[in-house]
Structure formats: C-alpha cells, structure tokens
Amino acid sequence: MEFRQLRYFVTVAQQRNFTRAAEMLNITQPPLSRQIQLLEEELGVALFHRASRPVRLTESGRILYEQALQVLGRIDQMVAMTRRAGLNQKQVLSIGFVASILYTGLPTLIGRLRQSAPDLDIQLVELLSIQQLPALKEGRIDLGFGRLRHSNDGIVSTVLHEERLVVAVPRDSALAKDASSVHLTQLAAERLIVYPKEPRPSYADQVLNMLLQSDVRVEEVHEVRELQTALGLVAAGAGICVIPSSAKQMRSDVHYCQLADANATSPVILYHREGDTSPGLELVHHLIADFGPAPFRWSEED
C-alpha cells in the first residue's frame with residue numbers, strides 16, 4: 001500500500017466523484033480508478049458503492065477513510081516538524097476550542113503552557129465541537145476543548161468538568177423578578193433561543209435533549225449561530241437562553257437564573273488522537289492535573 005493510494009482514496013471519498021477527484025489531483029480518471037482498484041485488490045474488499053450517484057463508501061471504505069485521515073495527518077505533521085527542526089523553527093501545538101470555553105479556564109491554561117514551554121508555538125483555532133473531531137483526524141489541530149460527547153473511533157475524550165448551566169432571561173421578565181434559581185419545568189411556554197444553528201449535533205442539541213428528558217415543551221425555539229447573538233436577543237426581550245455559568249460575564253444587561261436540576265450541566269471535554277504521546281499533549285495533561293481535585297473548574301462562581 002502506498003501513501004499516494006491513500007491520498008487518492010481520501011480525495012475520492014471526500015469528493016464522492018471520480019472525475020472531480022481526478023481534477024483536484026491533477027491526473028486523468030483512468031489512472032485514479034486503477035490505483036483505487038489496486039488498493040481494493042490488496043485489501044480484498046470493495047471500498048466504494050460505484051453504482052450509486054454520487055459514489056458512496058462501503059463499511060470497509062468508511063473504516064479505511066477514518067484511519068487514512070489519521071495516517072496522512074500524522075505524515076503531514078511529521079514533514080512539517082522535520083522542516084521546522086531543520087530551519088530552527090518552534091514546534092507548533094494547535095489547539096481547537098469552542099467559544100464558551102474561553103470563559104472558563106482556557107486562558108489560564110494557555111498562560112501556564114506558554115510559561116512552561118516558551119519555545120512552543122501555540123496556535124488557537126476556534127472550532128465547534130463537531131468540527132474538532134475531523135480536524136484532529138486530519139492533523140489540522142493537535143488537541144481540542146469542546147462540549148460534545150461522541151463515540152468517534154480514534155479520538156479520546158476526557159471529561160474535565162461538568163459545568164452548571166444557567167438561564168439568561170430579560171431583566172423585566174417574570175423569571176428575573178421571582179427567582180435567582182429555577183427548575184427546567186419553569187421554562188415551559190417560554191421562547192427559547194439556542195445556539196449554534198449549525199453544524200449539528202451541537203450544544204443546542206444538548207439543551208433541547210435536556211428539556212425533552214424533563215418533558216418540558218417550550219413555546220418556540222429560535223436558532224442562532226453564536227452565543228453572543230443569543231444573549232443579545234435575550235437583552236432585547238426576544239426570549240431566554242440556557243448557557244454555561246462561566247459565560248455570565250459576557251453581558252451584564254440580562255438576568256441569570258441558576259438551573260437547580262441535577263442534569264442541568266454541560267461537560268468540558270478534552271479531545272485528542274488515540275495513541276498520541278507528543279510532548280505538547282503530555283504537558284497539557286500535566287498542567288491540567290496540577291489544577292487540583294476539580295480540573296477546569298476555573299469559574300469563580302461555578
């Protein structure tokens with residue numbers, strides 16, 4: 001098996017069309033089809049359902065695709081690291097994060113990381129949780145901090161903290177006047193604002209599933225792209241929004257009610273590739289362990 005064949009295979013899997021994949025690879029279609037055929041013969045399985053339009057991966061093809069992304073990503077990292085070493089450049093550690101993590105202790109961790117490894121070039125990439133998983137497999141990031149539980153092969157997820165949730169409500173609403181803490185059942189008949197609108201699944205689905213499990217039916221669900229937009233709409237009196245408690249510092253012109261239900265939490269999760277023993281990841285694990293018995297519980301009011 002050649003790395004070239006893996007790159008050809010991944011391109012076809014992503015484009016779902018042999019002609020378009022050949023154009024992207026700057027080759028003609030016959031040699032591309034032949035290399036895929038040789039790969040299938042070596043593995044002894046079909047990788048694509050060719051009769052469908054667009055072409056689809058078989059189950060064997062799906063497994064190879066996920067593994068190939070990791071292999072090729074690691075190769076690209078190896079090449080980049082080797083070149084940087086030859087040019088005496090800093091080692092790069094790319095960290096993905098969802099925006100709400102910035103209001104917990106991620107800045108503290110990054111600060112300690114810079115102090116512990118001043119020669120490390122730390123690159124921060126804002127990505128939704130669902131976007132971090134393929135980014136890890138493709139080698140675009142080295143680790144990520146998100147909120148989505150998953151069962152994705154090749155990705156290790158470690159829950160660092162279960163953060164309490166609060167409800168942001170307009171200052172002149174009945175909820176703001178009556179209570180500092182509320183139960184999910186009190187949100188029934190409210191207009192609920194959730195984020196992000198896409199891609200899904202996301203934090204929005206966590207909130208909706210939490211309400212569903214508590215048999216709470218809201219009057220209306222309004223989807224927006226970002227947390228900042230959601231809180232802006234709350235301030236304008238357009239509805240309420242369930243957010244992580246650490247994000248309360250974002251706006252002072254809305255009222256926040258603690259959710260009293262035991263299941264009203266959202267996890268802070270560390271993602272990384274399975275089997276990754278790189279020094280940068282090991283240092284991150286070490287620094288997180290140094291935070292004590294409640295890692296990532298950095299919000300003073302949490």
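Author: In α1, the residues Gln5, Leu6, Tyr8, Phe9, Val10, Thr11, Val12 and Ala13 are buried, where buried means under 20% relative accessible area, exposed over 50% and partly exposed in between, with a 1.4 Å probe and protein chains only. This is a predicted model, in which local features need pLDDT of at least 70 and side-chain atom pairs count only at pLDDT 80 or more, while totals for chains, interfaces and linings use all residues. Residues are numbered from 1 along each chain as its sequence is written, and side-chain values use heavy atoms, with hydrogens and water left out.

Reader: How do you know that the span of helix α1 agrees with its number of residues?

Author: Helices are DSSP runs of H or I with at least four residues, strands are runs of E with at least two, and both are numbered from the N terminus. The expected span is 1.5 Å times one less than the number of residues. For the 13 residues of α1 (residues 3–15) that gives 18 Å, and the end C-alpha atoms are 18 Å apart, so the two agree. After α1 comes Arg16, with a positive phi near 60°.

Reader: Why is α2 called roughly perpendicular to α3?

Author: Axes are lines fitted to C-alpha atoms, for helices over the stretch in contact, and angles run from 0 to 180 degrees between N-to-C directions. Angles under 35 degrees count as roughly parallel, over 145 as roughly antiparallel, 65 to 115 as roughly perpendicular and the rest as oblique. The axes of α2 (residues 18–25) and α3 (residues 29–43) cross at roughly 105° and come within 9 Å. Helix α2 is therefore roughly perpendicular to α3.

Reader: What makes α5 and α10 oblique to each other?

Author: Helix α5 (residues 106–116) and helix α10 (residues 279–289) pack at about 120°, with axes 10 Å apart. The pair is therefore classed as oblique. Leu109, Arg112, Leu113 and Ser116 of α5 meet Leu283, Val284, Leu287 and Ile288 of α10, contact meaning heavy atoms within 4.5 Å.

Reader: Why does Lys197 count as partly exposed?

Author: The relative accessibility of Lys197 is 41%, so this residue counts as partly exposed. Lys197 lies in the loop between β8 (191–194) and α8 (203–213). Leaving aside neighbours within four places in sequence, Lys197 is in contact with Glu223, Val224 and Arg225. Lys197 and Val224 are 27 residues apart in sequence, with their C-alpha atoms 5.0 Å apart in space.
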